[in-house]
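Let's take a friendly walk through a protein structure. Have the sequence and the 3D view ready, and follow along as we go.

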Amino acid sequence: MRETKVGASEANIMADDQPPRVTLEDYSSSIVPQVFTGIVRPEVQATNISYPHSLIQLIQGNLFHGLPNEDPYAHLAVYIEICNTIKITGATEDVTRLNLFSFSLAGEAKRWLQSFKGNNLKTWEEVVEKFLKKYFPELKIAEGKVAISLFHQFPDESLSEALERFRGLLRKTPTH
């Protein structure tokens, strides 16, 4: 048989015609998402932010699961009250609220927050707006307004009892 010698330039041309080499490792590696929350970590002037473990425990004592009987306004009020117990030099209140909000959610509500991929939520106002839109939709607002407008005192109810019941309706629909 006759051997043919291939020059270096011919070998490069032949290598370019070949598809790239694929290994089993290429098929087994998966792309792991690097972002697991929709909230952007805000930039702060503080060099080191550390939240006390007791603060996170307090927040987790007030978990919101996204259930129909839960009050998102009450959850936010308690959450903000807890967050206001700490002050970190160089960090605003909104920084603390944004950084810790995911600790206040569980179940469906936690999955809802994680559905915002790519750090979409940049401000505390955006988080609150989206949270209330999801868990206190227009239908609930309309139902609350109807309940307020149809309110009346029951015949066997004292004025103070009726007033307390009315205030309860107002609390359930803060945007009335």
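## Before we start

Please keep in mind that this is a predicted model. Two packed helices are described by the angle between their axes and the distance between the axes, and that is how the helix pairs are presented here.

## Helices H3 and H4

Start with helix H3, which covers residues 53-60, and helix H4, which covers residues 72-83. Their axes lie 10 Å apart, and the packing angle is about 170°. An angle over 145 degrees counts as roughly antiparallel, so H3 and H4 are roughly antiparallel to each other.

Which residues make this contact? From H3 come Leu55, Leu58 and Ile59, while H4 brings Tyr79, Ile82 and Cys83. Sorted by class, the contact of H3 with H4 has six nonpolar residues, with no polar and no charged ones.

## Helices H4 and H7

H4 also packs with helix H7, which spans residues 124-135. Here the angle is about 150°, and the axes are again 10 Å apart. That angle makes H4 roughly antiparallel to H7.

On the H4 side, the contact is made by Pro72, Tyr73, His75, Leu76, Tyr79 and Ile80. On the H7 side you can find Trp124, Val128, Phe131, Leu132 and Tyr135. How many residues of each class are in the contact of H4 with H7? There are ten nonpolar residues and one polar residue, and no charged ones.

## Salt bridges

Now let's turn to charged side chains. The structure holds four salt bridges, including the ones described here. In one of them, Arg97 pairs with Glu93, and the closest N and O atoms are 3.6 Å apart. Arg97 and Glu93 sit four residues apart in helix H5 (residues 93-100), so about one helical turn separates them. Arg97 also forms a salt bridge with Asp94, at 3.7 Å from N to O. Asp94 and Arg97 are three residues apart in H5, which is about one turn of the helix. Are these residues buried or exposed? Arg97 has 10% relative accessibility, so Arg97 counts as buried. Glu93 is partly exposed, with a relative accessible area of 46%, and Asp94 is partly exposed too, at 25%.

Another salt bridge joins the side chains of Glu108 and Arg111, at 3.7 Å from N to O. Glu108 and Arg111 lie three residues apart in helix H6 (residues 107-114), so they are separated by about one helical turn. Glu108 is partly exposed, with a relative accessible area of 39%. Looking at shared partners, salt bridges join Glu93, Asp94 and Arg97 into one network.

## Asn99 and its neighbours

For a last stop, return to helix H5, where Asn99 is found. Which side chain does the side chain of Asn99 meet in a polar contact? The partner is the side chain of Tyr51, at 3.0 Å. Leaving aside residues up to four places away in sequence, Asn99 touches Arg41, Pro42 and Tyr51.

Conventions:
Residues are numbered from 1 along each chain as its sequence is written. This is a predicted model: local features need pLDDT of at least 70, side-chain atom pairs count only at pLDDT 80 or more; totals for chains, interfaces and linings use all residues. Side-chain values use heavy atoms; hydrogens and water are left out. Axes are lines fitted to C-alpha atoms, for helices over the stretch in contact, and angles run from 0 to 180 degrees between N-to-C directions. Helices (H or I, at least four residues) and strands (E, at least two) are DSSP runs, numbered from the N terminus. Angles under 35 degrees count as roughly parallel, over 145 as roughly antiparallel, 65 to 115 as roughly perpendicular and the rest as oblique. Contact means heavy atoms within 4.5 Å. Ala, Val, Leu, Ile, Met, Phe, Trp, Tyr, Cys and Pro count as nonpolar, Asp, Glu, Lys and Arg as charged, and the others, Gly among them, as polar. Buried means under 20% relative accessible area, exposed over 50%, partly exposed in between (1.4 Å probe, protein chains only). A polar contact is a pair of N or O atoms within 3.5 Å; within protein, one must be able to donate a hydrogen and the other to accept it, and residues adjacent in sequence count only if both atoms are side-chain atoms.
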